[in-house]
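Me: I'm new to reading protein models. Can you walk me through a few features, one at a time?

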Amino acid sequence: MKSRILYWLTYTGMWLLALLPFRALYILSDGLYFLLRYVVCYRRKVVRCNLQNAFPEKSKEELSEIERKFYHYICDYMLEEVKMLRISFKELCRRMEYDNKEEFLAMVEKYGGIVLLIPHYANFEWIIGMGAIMEPGDLPVQVYKPLRNKYLDEMFQHIRARFGGYNVRKHATAREVIKLRREGKRIAVGLITDQAPNRSEAHYWTTFLNQDTVFMDGAERIARLMGFPVFYCELQRIDRGYCKVFFDLITETPKQTADGEITELFARRLEQTICREPSYWFWSHKRWKLKREDVVRHG
């Protein structure tokens, strides 16, 4: 009962907020920025530790400026996610620009599907409108990790399916992708690939942002299983409420790549994206909580 009450309170509050125009939401975001950064101090130690370890060459002043922009960005991101409850498809397409879509669409048609590696960067949630550039009948597939609260999980599934997206639970990805292809669907499988994995998912280690870092390799395994070309989702935040996507082909022939090669290429692409404009990545995540020695000890 408590979970259901929490769901309806959350949904009602978000629905009312989503009625506001973007200009009003960004005024609220400015107030939320002050609250999160200076009053609540939301994960400040995590943010500062991550930034210091990632950019040891930067001065305190430079790190402080990245931190300031990050808190502004994360507040904008949260309210932009709320806006997804009410935003129209036309408005979403106006605010999310897709570059290099010809190669993307050609690969979907040629191979019956592609794998899209997506980072926690800029307005990444708005990629759910990707169906706007795909051919009629083609399906954008969104792989997600279920939330513990089933009512909130249902709400976010609803948001992410508003524009024709097909939600797939993380651990059912291979089964669902095979089923969709057997049904003749051409698909674009989007996976958030920079999440911190559980110990059981810690398969590929590399140096990332000057730190020993583990990545999940599920996207790579799906690509090699299906023979789908792999694209990196290069996101660029143009302005508040505006984003551009460039589909960067990593490989057209995943079955010819070595184990870990695609994951390594993703890490290098993401590192370039972050270094170009570091404020728009999720520095508040405990990305480096898992250590290699812990995995070896319990493996």
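Reply: Helices (H or I, at least four residues) are DSSP runs, numbered from the N terminus. This is a predicted model, where local features need pLDDT of at least 70, side-chain atom pairs count only at pLDDT 80 or more, and totals for chains, interfaces and linings use all residues. Residues are numbered from 1 along each chain as its sequence is written, and side-chain values use heavy atoms, leaving out hydrogens and water.

Me: At what angle do helix α8 and helix α9 pack?

Reply: Axes are lines fitted to C-alpha atoms over the stretch in contact, and angles run from 0 to 180 degrees between N-to-C directions. Here α8 (residues 173-182) and α9 (residues 218-226) pack at about 30 degrees, their axes 11 Å apart, so the two are roughly parallel to each other.

Me: Which residues make that contact?

Reply: Contact means heavy atoms within 4.5 Å. From α8 come Thr173, Ala174, Val177, Ile178 and Arg181, and they meet Ile222, Leu225 and Met226 of α9.

Me: How many disulfides does the structure hold?

Reply: A disulfide is a covalent bond between the sulfur atoms of two cysteines; the cut-off is a pair of cysteine sulfur atoms within 2.5 Å. This structure has zero. For Cys93, the nearest cysteine sulfur, in Cys243, is 13 Å away.

Me: Is Cys233 buried or exposed?

Reply: Buried means under 20% relative accessible area, exposed over 50%, partly exposed in between (1.4 Å probe, protein chains only). Cys233 is buried at 0%, while Cys93 is partly exposed at 32%.

Key
Parallel < 35°, antiparallel > 145°, perpendicular 65-115°, else oblique.
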